[in-house]
Amino acid sequence: MSAEEKDETTRHGGASADKAVVAAAASSSPPPWLLRAFLLAAATVAGLVAGFWVLQKLQGLLTVLLVSLFLAFAIEPAVNWLAQRGMRRGPATGLVFLAVTALVVAFGWTLGNLLIDQATTLVRNAPDYADRAVDWVNRTFKTDMSSTDIQKYATDWSSNLEGYLTGLAGNVWGIGTAAIGAVFQGLGILLFTYYFAADGPRFRHAVCSLLPPRRQRHVLRAWDIAVAKTGGYIFSRGLLALISTLAHYAALRVLDIPSAFALALWVGVVSQLIPTVGTYLAGALPVIVALVHGPSTALWILGFIVLYQQFENYVLQPRITATTLDMHPAVTFGAVLAGAAVLGPTGALLAIPVTATVQAFSSAYIRRYDVQPGLDINPPEPKQPRKWTRKLSIRFSGSGKPPAR
């Protein structure tokens with residue numbers, strides 16, 4: 001082999017080696033799409049964190065908007081009824097607002113008079129009530145208490161209460177700030193509710209203009225269902241509150257408990273604001289007022305409250321809400337628990353109409369099938385006991401005559 005051929009072979013070998021090195025370096029370096037994937041993942045995580053942070057900061061505003069929308073749905077049937085009779089939506093909404101405000105003021109005035117009367121009576125007759133309570137405790141539990149012990153306990157309680165009130169007065173700036181914030185939040189709810197109800201058709205038109213034509217029909221249908229279910233929820237709760245008020249008023253009058261109408265109104269309204277367990281919570285005030293006049297009276301009213309709650313849960317509520325909400329009691333109770341876990345008292349109040357709306361809207365798009373006739377759905381009935389078993393049970397229980405042979 002000549003020198004030129006050797007040089008050419010060396011050059012080819014060096015080029016091959018360089019290509020091998022370049023190929024090895026390319027194979028060891030990361031693919032070009034990996035960097036884009038990392039950047040996309042980082043941007044997604046940053047977006048999620050920023051979104052959660054914004055939602056946390058806007059939680060108060062979102063709660064106000066949600067409550068306002070619920071209240072607007074509740075009063076929109078009345079506003080539509082007035083608008084269909086020639087009244088403009090703005091004045092119609094204002095008229096409905098005035099009616100609701102009058103009801104709320106009347107309710108607060110009645111309960112305020114009740115609290116003032118009961119507090120005055122309790123302070124004026126406190127020594128007599130203490131002596132009667134001591135006598136009842138001594139007779140019932142065979143104890144030997146005296147009024148001096150009650151006065152000692154009252155002195156200790158008053159000292160603790162005075163210390164608590166002193167500390168509460170020291171935090172007057174925080175209390176004032178919270179009160180001002182609550183007032184502004186309430187005004188914001190009223191303002192948004194008025195706009196949502198007065199400009200309901202315009203608001204729906206603005207929302208539908210952002211959607212394609214095939215989805216506008218579904219949005220309007222969901223909106224109408226939400227208004228109907230919320231209005232039905234308010235109507236059913238109002239009717240149940242009226243029946244509860246009348247029933248408790250009759251019971252309180254029979255038991256001769258003072259301020260019967262105010263107490264019955266308290267139970268009727270509060271029991272419907274807090275579904276299922278609201279009657280027990282609202283019934284604490286009548287029981288306390290009845291306890292002042294006698295323990296037996298308090299036991300009677302407590303028994304009536306428990307019996308009425310069972311009657312309402314199993315007789316009244318299923319029949320009244322069947323045409324408005326059409327929800328199973330177990331679904332209602334679960335919705336209230338879920339709403340309270342998510343948004344607290346606000347969620348518990350909004351859970352039932354929201355669940356009813358979702359249930360009614362989804363039922364229009366869920367396809368149902370006929371159940372095959374051969375399937376055994378109903379549980380088997382319990383077998384009848386044999387004749388000798390019935391004879392033994394009758395003989396040992398001693399009830400009735402043995403069967404004729």
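Is Gln310 buried, partly exposed or exposed? Gln310 is partly exposed, with a relative accessible area of 32%, where buried means under 20% relative accessible area, exposed over 50%, and partly exposed in between (1.4 Å probe, protein chains only). The tour returns to this residue after a view of the whole chain.

**Before selecting anything**

This is a predicted model, in which local features need pLDDT of at least 70, side-chain atom pairs count only at pLDDT 80 or more, and totals for chains, interfaces and linings use all residues. Residues are numbered from 1 along each chain as its sequence is written, and side-chain values use heavy atoms, with hydrogens and water left out.

**The whole chain**

Display the chain by secondary structure: there are 16 helices and 0 strands. Helices (H or I, at least four residues) and strands (E, at least two) are DSSP runs, numbered from the N terminus. Of the 405 residues, 24% count as buried. The accessible surface of the chain comes to about 28200 Å², and carbon and sulfur atoms hold 68% of that area. Such areas come from the Shrake-Rupley method with a 1.4 Å probe; for residues, only the protein chains shown count as cover. Contact means heavy atoms within 4.5 Å. Among contacts between residues at least 6 apart in sequence, 64% join residues at least 24 apart.

**The largest pocket**

Select Val100, Leu103, Val104, Ile234 and Leu273, which lie nearest the centre of the largest pocket among its 40 lining residues. A pocket is found on a 1 Å grid over the protein atoms alone, as an open set of points where a 1.4 Å probe fits, with protein on both sides within 12 Å along at least five of seven lines; lining residues have an atom within 4 Å of a point. The volume of this pocket is about 1600 Å³, a volume being the space filled by probe spheres set on the points, with grid points joined across faces, edges and corners.

Next, colour the helices that each supply at least two lining residues: H3 (59-83), H4 (89-124), H7 (172-198), H9 (213-254), H10 (260-273) and H15 (345-363). Helix H9 gives the largest share of the lining, 11 residues. By class, the lining has 31 nonpolar, 8 polar and 1 charged residues. Here Ala, Val, Leu, Ile, Met, Phe, Trp, Tyr, Cys and Pro count as nonpolar, Asp, Glu, Lys and Arg as charged, and the others, Gly among them, as polar.

**Thr230 in helix H9**

Centre on Thr230, which lies in helix H9. Thr230 is buried, with a relative accessible area of 3%. Leaving aside neighbours within four places in sequence, Thr230 is in contact with Phe70, Phe73, Ala74 and Pro353.

**The loop between H9 and H10**

Move on to Asp256 and Ser259. Asp256 lies in the loop between H9 and H10, and Ser259 is found in the loop between H9 and H10 as well. Most residues other than glycine have a negative phi. Phi of Asp256, however, is near 60 degrees, and phi of Ser259 is near 55 degrees. Asp256 counts as exposed at 68% relative accessibility, whereas Ser259 counts as partly exposed at 28%.

**Aromatic pairs**

Show the aromatic side chains. Rings of Phe, Tyr and Trp (its six-membered ring) pair if their centres lie within 6.5 Å; planes under 30 degrees apart count as stacked, over 60 as edge-to-face and the rest as tilted. A search of the whole structure finds 10 aromatic pairs. The rings of Tyr194 and Tyr195 have centres 6.1 Å apart and planes at 65 degrees, so this pair is edge-to-face. Tyr194 is partly exposed at 29% relative accessibility, and Tyr195 is partly exposed at 45%.

Then select Tyr308 and Phe311, a tilted pair with 6.3 Å centre to centre and 50 degrees between the planes. Both lie in helix H13 (residues 295-320), 3 residues apart, about one turn of the helix. Tyr308 counts as buried at 6% relative accessibility, while Phe311 is partly exposed at 40%. Elsewhere, ring pairs link Phe73, Phe192, Phe196, Phe203 and Trp223 into a cluster.

**Back to Gln310**

Finally, select Gln310, whose place is also in helix H13. Not counting residues up to four places away in sequence, Gln310 touches Tyr280 and Val315.
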